[in-house]
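Here are my notes on the model you asked about. Have the sequence and the 3D view open while you read.

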Amino acid sequence: MNKRLLYIAFFREDSESVGFKNKVYAQCRVFRNSGFEVSLVLPRYDRLVLYKIDPEGKGDVEREYIHSSNAVHRTTGSKLRSLIRKVRRFREIVLFLSEVVRNINPDVIYMRRPRLFRSLVRFIRYTSKHIPTLYEFPTWPWEKEFIRTEGILSFIYEFMCFMMIKNSLSGIVKIQTDRRHEDRLSLHNGVDVSKIPVRSSKILQKNVDLQILGVATLAKWHGYDRLIEGIRNYIDITGKDNVVFHVVGDGAERPFLEERVKELHLEKSVIFHGVKTGKELDELFDKCHIAVGSLGIHRKGLTQTSELKLREYCARGIPFICSSADADFPSDFPFQLKVPADERPIDLNIVSSFADRALSDTEHSVKMREYAEENLDWSIKMKKLIDFMNEILESKVRR
């Protein structure tokens, strides 16, 4: 390997970062397997750290202690003190990145969209004159989501900063939610299929008609309240309490969901497991009939998504329900149920019929896994990006 790639990724160090990290690690492994020597800058607690992607592929990452920076400290105290700390933090970020670039001397830089600020803009404009730099938008289009979470004034500042670096970049990579207006560097989300175990459906519980699994960092737009309301309606109409919804994960929405479950007297039908990983999570996948993706994506003002979780469900081989269109899953995909994108409770009769239909195919897990390997793996998603990067480097050598 003689092509050096520096991947710079910023995100919050909290429960939501787990999915982002897995995605970044998966992309780095594809870069590594495509002939790049990969170094990775990530936040870790209150600092930025440089990692080296294991060149032998025996592990995910190994830490390389060239330098670490107290660059992601939270600001507290008075407004003036917070402002001083923020300016100092921004300066430390840029100093850290500059030192990393000097040490590594990368042939190409890949940057997952950070929150921009003036000194980072100057850093990007300067380094991109000498090193080809690609800039990834994790969600495209990005404007509506950014305004919803950060506000219009922050968006205006961010947009102005981006316009200052746009012409310096060698390419803008867009992780798209639909196939409209695609160009050469438009990608859809993927997963590292090799890192995801296939579930065993041989131990599906027989004493409960329907076991549903939801795995998420719980937020309003997951729409799990719609499924909870649907379970209450189903029990009231049929008199049966043979449906169990297993909720895995924590997040801002969990207190609301737990309170709603108490109000509806569904403590036996909705179980909150908290965060689960490894064998404990695998066992939940094995005993559940179907999984649930986002049921409230319309609350974000979106109609299409590129959900990482649906890709994991498919790779594991568990049929799933969701409420939004996804370009990677055609409308006739037999192991997906698309429910209406509105505020009505989910109809459990329809869900139960879907589960019976999907699980009647005894090879459903194998077929879903094969579909994931052929259509959803990052190695497939990133092929045109790798080709583009190699062309940039080849043209640089010719010059």
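1. Start with helix 8: its buried residues are covered by, among others, strand 9 (210-215), strand 10 (243-248), strand 11 (270-274) and helix 9 (308-316). The residues in question are Leu-281, Leu-284, Phe-285 and Asp-286, in a helix that spans 278-287. Buried means under 20% relative accessible area, exposed over 50% and partly exposed in between (1.4 Å probe, protein chains only). Helices (H or I, at least four residues) and strands (E, at least two) are DSSP runs, numbered from the N terminus.

2. A word on the basis: this is a predicted model, where local features need pLDDT of at least 70, side-chain atom pairs count only at pLDDT 80 or more, and totals for chains, interfaces and linings use all residues. Residues are numbered from 1 along each chain as its sequence is written, and side-chain values use heavy atoms, with hydrogens and water left out.

3. For the chain overall, count 13 helices and 16 strands. Of its 399 residues, 51% are buried. Take the contacts (heavy atoms within 4.5 Å) with a separation of 6 or more: 71% of them join residues 24 or more positions apart.

4. Finally, look at helix 5 (residues 152-166), which supplies 4 residues, the largest share, to a nonpolar patch. Leu-153 sits in helix 5 and is exposed, at 68% relative accessible area.
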